[in-house]
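Dear colleague,

Please find below the structure that I am handing over to you. My findings follow directly after it.

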Amino acid sequence: MAFNDMSPVMDRGLSRRSLLAGLVAGAGATVLGAGVPAQAQARPGGGKAPRVLIATNEPWGTYHSAPLLPEARRLGWDLVQLVPDRSGIKPGDPVPVALPGEVTEADLLVVTGAGDWPADCAATFPRLPMVASSLAYQLPVEAPRAKEFRGRLRAITASSPAEAKVFDDYLGTRRPIEVVGTPQTDDLPRHAPEAGTVLVLTSVTRSSETGGSAPGTELLLAAADRLAAAGKHILVGLHPREDRSLWERYEISTVASVQASARAEAAIGIPGTVFPVVAAVGVPLVGCTDPRLQIPGYLLSVCTHTITSADDAVTAVESAEPVSRKVLYEAVGPVGGSARRLLKVWRKAGLRAAAA
């Protein structure tokens with residue numbers, strides 16, 4: 001595998017039968033449905049907007065696509081996330097969604113993983129050009145269904161060199177992977193820590209149809225208690241699917257975890273996709289680990305300490321330090337301009353005619 005540098009999950013997916021219900025094979029002239037315009041939007045300067053379909057391992061996890069919207073809108077593209085139904089979409093979600101059976105025209109299919117939903121979408125649109133882009137961490141073990149579509153991939157992207165190695169193993173390929181950075185770093189806040197404030201980065205306590213859970217919440221809750229008892233102000237950055245009621249004794253951030261991290265002297269949590277991005281803000285990190293967790297090494301590399309006992313939380317947080325530039329680059333990739341680099345790869349892979 002070659003890299004082209006341009007600058008904790010237990011998978012409990014939906015059954016294939018339930019996801020395939022109502023799908024219509026083939027792609028062919030307009031996307032219909034709530035949040036998706038009935039007619040193709042006009043591009044700045046004229047012409048029809050390129051339309052990109054996105055399918056993720058978490059079928060309703062629109063938070064993976066949301067950071068791409070500003071750059072897509074600047075280019076005049078339509079990004080549409082494919083969902084099995086609208087049951088998991090909250091009112092006002094800014095990400096346009098559509099059921100596969102509503103799609104009659106598209107230019108490119110982007111899969112962010114090789115779980116059942118992306119693989120089913122790939123089978124539903126056999127004539128669409130395809131790209132695989134890692135927007136959330138995977139494990140370095142070949143996904144059972146990756147072989148169904150990897151031969152169709154015109155390009156593969158990952159955020160960082162370390163993530164590219166993992167994504168390569170996950171897809172079972174030995175191909176060049178474009179390292180583009182993560183779009184979440186395109187608008188990083190300035191780190192202005194408030195004395196005594198610790199950001200708690202949660203994962204997901206309970207599995208659902210939207211996605212799996214990650215062990216470690218009991219340890220993290222206990223660690224937060226120890227930190228609060230030591231006089232720390234606990235600011236909670238909730239995972240979009242976490243049970244809010246578990247954390248209501250503390251201040252729950254009203255902004256995204258990356259933005260909230262600007263207030264924190266340090267952060268502690270169950271290592272996940274957001275960890276390298278928070279590290280890029282300049283926040284020292286402590287990871288809570290559990291024997292049942294499977295975590296790629298690069299997510300642990302941005303942690304000064306990892307703990308398995310809540311008794312260690314206070315000392316670990318107080319002695320945590322920001323990571324070096326070398327470690328940060330390996331884990332998060334190039335910072336800034338990432339959405340632009342990512343969409344450039346997509347354009348080259350499948351949108352030349354539509355975007356010309």
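Four bridges join β2 to strand β3 (residues 78-82), and the two run parallel. Please bear in mind throughout that this is a predicted model. Within this pairing, R51 stands opposite D78 of β3. Strand β2 also pairs with β5, again in the parallel sense and over four bridges; here I54 has V110 of β5 as its bridge partner. Strand β5 (residues 108-111) in turn pairs with strand β6 (residues 130-133) in the parallel sense, over three bridges. V110 stands opposite V131 in β6, and V110 is also the bridge partner of I54.

In a regular strand the side chains alternate between the two faces of the sheet. Strand β2 can be read in this way: R51, L53 and A55 point one way, V52 and I54 point the other way, and all are buried. β2 is accordingly described as mostly covered, with five of its five residues buried. In β5, L108 and V110 point one way while L109 and V111 point the other way, and all of these are buried as well.

H64 is found in the loop between β2 (51-55) and α2 (69-75). Is H64 buried or exposed? Its relative accessible area is 14%, under the 20% limit for a buried residue, and H64 is therefore classed as buried. The side chain of H64 makes a polar contact of 3.1 Å with the side chain of E58. Leaving aside neighbours within four places in sequence, H64 is in contact with T56, E58, L135 and A136.

**An enclosed helix**

Helix α4 (residues 161-171) is largely enclosed by the rest of the structure, because nine of its eleven residues are buried. The buried residues are P161, A162, E163, A164, V166, F167, D168, Y170 and L171. Just after α4, G172 takes a positive phi of about 70 degrees.

**The sheet of six strands**

Six strands form an open sheet with parallel pairing, in the order β11-β10-β9-β12-β13-β14. Its edge strands are β11 (251-252) and β14 (305-307), each of which pairs on one side only. Strands in a sheet pair through backbone hydrogen bonds, either parallel or antiparallel. For β14, the pairing is with strand β13 (residues 285-288), in the parallel sense and over three bridges. One of the residues involved is V286, whose bridge partner in β14 is H305.

**Helices α7 and α10**

On the α7 side the contact is made by P276, V277, A279 and A280, and on the α10 side by L328, A331 and V332. What kinds of residue make up the contact of α7 with α10? They divide into seven nonpolar, no polar and no charged. An α-helix has 3.6 residues a turn, so residues three or four places apart point the same way.

V332 deserves a separate word. Its place is in helix α10, and V332 is buried, with a relative accessible area of 2%. Apart from neighbours within four places in sequence, V332 is in contact with S159, S160, G181, T182, T185, P276 and V277. P276 and V277 in this list are among the α7 residues of the helix contact described above. V332 and V179 are 153 residues apart in sequence, while their C-alpha atoms are 9.8 Å apart in space.

A229 has its place in helix α5 (residues 217-229). Its relative accessible area is 71%, over the 50% limit, and A229 is therefore classed as exposed. The C-alpha atoms of A229 and V314 are separated by 9.5 Å, and the two residues are 85 residues apart along the chain.

With kind regards

Key
Residues numbered from 1 in each chain as written. Predicted model: local features only at pLDDT ≥ 70, side-chain atom pairs only at ≥ 80, totals over all residues. Heavy atoms only, no water. Contact = heavy atoms within 4.5 Å. Nonpolar A, V, L, I, M, F, W, Y, C, P; charged D, E, K, R; others polar. Buried < 20%, exposed > 50% of the residue type's maximum accessible area, 1.4 Å probe, protein only. Polar contact = N/O pair within 3.5 Å; in protein donor to acceptor, adjacent residues only side chain to side chain. Pairing = 2+ DSSP bridges.
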